[in-house]
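Subject: Structure handover

Hello,

Here is the structure I promised to pass on. Please open it first, then read my notes below.

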Amino acid sequence: MRSLFGIAREKNELGKKLRMGEILIRGVLTFFAVLSVSITVGIVYILAVESARFFSSGEVTIKEFITSLKWQPVIRQFGILPLFNSTILTSFIAMLVAGPLGVFAAIYLSEYASDKFRSRVKPTLEVLAGIPTIVYGYFALTFITPFLRSIFGVNTVDIYNTAAAGIAMGILIFPMIASMSEDAMNAVPHGLREAAYGLGATKLEVSIGVVVPAAVSGILAAFVMGLSRAVGETMIVALAAGAGSALTLNPFKSAETMTGYIARISGGDIGFDTMDYNSIFAIGMVLFFLTLMLNIISQKFVRKFREKYE
Amino acid sequence: MISDITGRQKKNRTGILLFQAATLAGIFALIVLLYSVINESFGYVAIQDEHPIEEFGITSEKIEDLQRAQLIEILEQNISKGLIHRFEFEKPFSQRSTEEIFGIVLDKVVNPQVVRAWSLASSIFQREKIRDETRTEYPGARLEFRSWISFRFLFSAQSSIPEKTGIKTALIGSFFIIGIAIITAIPLGVGTAIYLEEYSKLNRFNNLIQVNIYNLAGIPSIIYGMLGLAVFVRGLEPLTSGLIFNAAQDSASNGRTILSAGLTLGILVLPIIIINAQEAIRGVPRSLRFSSFGIGATKWQTIWHHVLPYSMDRILTGSILAISRALGETAPLIVVGASTFVAKQPSSVFSKFTALPIQIYQWTARPQPEFRKVAAAAIIVLLILLLTLNAGAIILRNRYAKKKKRW
């Protein structure tokens with residue numbers, strides 16, 4: 001701010017006056033940095049303004065939005081619960097796949113694997129995390145769903161279902177959870193492990209009984225981060241979870257998620273200021289604060305972990 | 001429990017197996033995923049001609065044996081006058097070679113259609129069964145081994161017929177969009193990183209910027225799409241549709257243009273570029289800065305001549321990774337308003353757009369199984385592009401690493 005009010009008096013560390021060009025460059029760079037903040041402000045502003053339009057239309061109240069059990073814009077039913085429910089359902093299935101696999105793989109990579117094995121496997125897992133989510137959507141629809149149908153029966157499993165979407169999502173976030181958990185386990189001081197070995201513990205007992213509890217806040221951070229990714233994931237659910245909301249806990253039924261609804265509605269040509277247009281912003285608002293909350297919780301865990309060991 | 005040593009050792013061994021299995025499950029998933037894509041990209045297809053060439057008394061498909069006049073007569077009898085006029089307008093029949101005319105006859109009159117397509121695995125292991133099925137279910141159809149990914153696929157425009165469609169418009173769209181994203185995001189991102197690492201002092205305001213950037217990186221990409229929809233498509237419509245430059249391509253675009261899509265993806269990758277560039281700049285040794293200050297350089301001279309060149313490899317690697325993220329992004333483009341059908345290739349940043357991942361999405365979402373094959377072929381193209389980008393990043397890093405030894 002000083003550069004705005006006191007250009008002539010601007011001085012460097014040696015007490016010399018700064019050159020005009022230097023001040024200008026610094027001003028431009030500061031502007032860039034401020035611009036990045038304005039993105040967040042812009043997102044919050046737009047979500048708030050458009051959601052306000054949605055709720056002031058007179059067709060839906062905030063109470064109905066939260067408590068009503070039906071989301072059917074055609075008959076003016078705007079209860080977010082079915083969409084929210086299937087978002088949680090797909091994310092839960094994803095965590096069921098990625099959570100245990102991710103932690104087990106992290107234990108193996110940090111405690112057991114040779115350096116050579118680790119240096120080969122880690123890049124492979126990174127490849128998995130770098131594949132665009134649209135490819136996972138394709139995979140869920142053309143491979144996982146037929147696979148589930150051949151196991152559980154065509155009548156039990158719908159063509160579009162939340163289970164396939166959840167499993168594909170699990171594969172997507174598995175590398176992230178593995179990598180974050182491994183970092184946490186690597187940061188556990190060696191003295192802790194050696195103390196346990198000294199008492200006669202086996203390697204498994206050290207891993208499960210010492211390393212994992214010591215790294216638990218780092219692992220939790222990875223879980224929450226993974227959950228946040230799953231909640232915001234769009235393309236997999238847009239392709240594999242189905243269109244049309246349904247309030248169900250059956251993972252083999254089709255049920256649209258919050259992100260799936262946003263993608264489907266905005267994919268068609270929507271007119272501005274229609275209920276459809278405004279409704280995606282109201283859902284976007286819920287999505288934004290949900291993921292923001294998860295990200296903040298995850299950062300809290302990371303900070304807690306760092307305070308402990310670093 | 002403590003005394004039961006054999007039991008504990010047994011548990012220890014099962015533990016190792018379990019952990020190893022979990023790690024390998026990741027690699028297995030990657031293999032299955034690639035398999036499922038490749039499996040759909042190649043395989044036998046049964047092709048049935050709408051009007052087999054023999055119907056017209058042509059028995060040989062050798063060009064030398066064909067009669068020009070006969071071919072033109074077939075065309076005149078079987079396709080509409082309007083279409084003939086269009087061909088005549090493009091290039092008069094008298095100037096076309098026999099080969100060319102035969103091509104038109106094959107395409108428009110004979111009109112071969114894929115009636116059934118098989119996967120690669122069944123094409124290899126169940127060849128006999130496929131032959132039998134074709135013979136009984138599609139009499140008159142011929143069996144051909146087809147690679148759904150081909151040069152023709154790369155260089156033809158979109159079509160509603162799966163075997164004739166291509167990804168040319170989508171590829172051009174993707175390149176345009178990524179270009180705009182790069183132009184906006186890299187200067188902004190690197191500039192912000194320089195500010196945060198070199199200029200900012202530890203205070204609440206700069207801390208806010210830093211925390212904000214980390215949070216931006218965690219926002220779902222679809223939210224960025226909504227920001228783009230509200231700001232670029234709707235709010236800045238006169239700019240993004242090219243109206244204020246008198247360059248609007250089609251009034252139907254309504255701001256749903258390549259420019260809007262590119263800016264949206266630029267904002268999306270900005271936090272990634274900033275974070276990577278910050279790490280790169282942080283890795284520059286302090287001694288380098290001090291020696292530059294020591295010989296009287298100003299702060300910006302130090303940054304421009306020493307800090308940036310030294311950290312350029314990592315900044316570029318980070319930027320390439322950000323670009324490869326943008327290349328695969330689908331959700332924000334859908335929200336910003338990718339067009340469902342773009343047959344004409346985009347001519348400027350104010351054109352309507354489609355992109356490679358959007359094409360994959362639309363083809364996968366179609367019910368016809370043939371479109372799944374096309375989607376698989378497009379996925380392979382996308383994955384090859386991403387692989388090339390990542391390989392480029394690694395080569396770049398190694399090249400600069402050699403140079404760095406001289407510092």
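Domain 1 of chain B and domain 2 of chain B bury about 400 Å² between them. Carbon and sulfur atoms give 55% of that area. On the domain 1 side of chain B, the residues that lose the most area to domain 2 are B:Ser41, B:Val114 and B:Ala117. Together they make up 76% of what that side buries. Strand β2(B) supplies 4 residues of the side of domain 1 that touches domain 2, the largest share. Please keep in mind that this is a predicted model.

Now the bounds. The domain assignment of chain B places domain 1 at 41–147 and domain 2 at 168–404. Taken over C-alpha atoms, the centres of these two domains of chain B are 44 Å apart.

How many residues are in contact across this interface of chain B? Domain 1 brings 7 residues and domain 2 brings 5. The rule finds 0 salt bridges between domain 1 and domain 2 of chain B. For polar contacts between the two domains, the count is 1 residue pair, with both residues at pLDDT 80 or more.

Next, helix α6 of chain B, residues 127–137. Which of its residues are buried? They are B:Ile130, B:Glu133 and B:Thr134. These residues lie on the same side of α6(B), because they cover an arc of only 100 degrees around the axis. The face turned away from that buried side carries exposed residues: B:Glu128, B:Arg135 and B:Thr136. Several elements of chain B cover the buried residues of α6(B), including β1 (42–49), β2, α5 (120–125) and β3 (142–147).

Is B:Asn111 buried or exposed? B:Asn111 counts as buried, because its relative accessibility is 14%, and the cut-off for buried is under 20%. Leaving out residues up to four places away in sequence, B:Asn111 touches B:Gln48, B:Asp49, B:Glu50, B:Leu106 and B:Lys164. B:Leu236 is 125 residues from B:Asn111 along the chain, and their C-alpha atoms are separated by 46 Å.

Best wishes

Conventions
Residues numbered from 1 in each chain as written. Chains lettered and ligands numbered in written order. Predicted model: local features only at pLDDT ≥ 70, side-chain atom pairs only at ≥ 80, totals over all residues. Heavy atoms only, no water. Buried < 20%, exposed > 50% of the residue type's maximum accessible area, 1.4 Å probe, protein only. Contact = heavy atoms within 4.5 Å. Helix = DSSP H or I, 4+ residues; strand = E, 2+ residues; numbered from the N terminus. Arc of directions from axis to C-beta. Domains from an automatic or database assignment. Buried area = accessible area lost by both parts, 1.4 Å probe. Salt bridge = Lys/Arg side-chain N within 4 Å of Asp/Glu carboxyl O. Polar contact = N/O pair within 3.5 Å; in protein donor to acceptor, adjacent residues only side chain to side chain.
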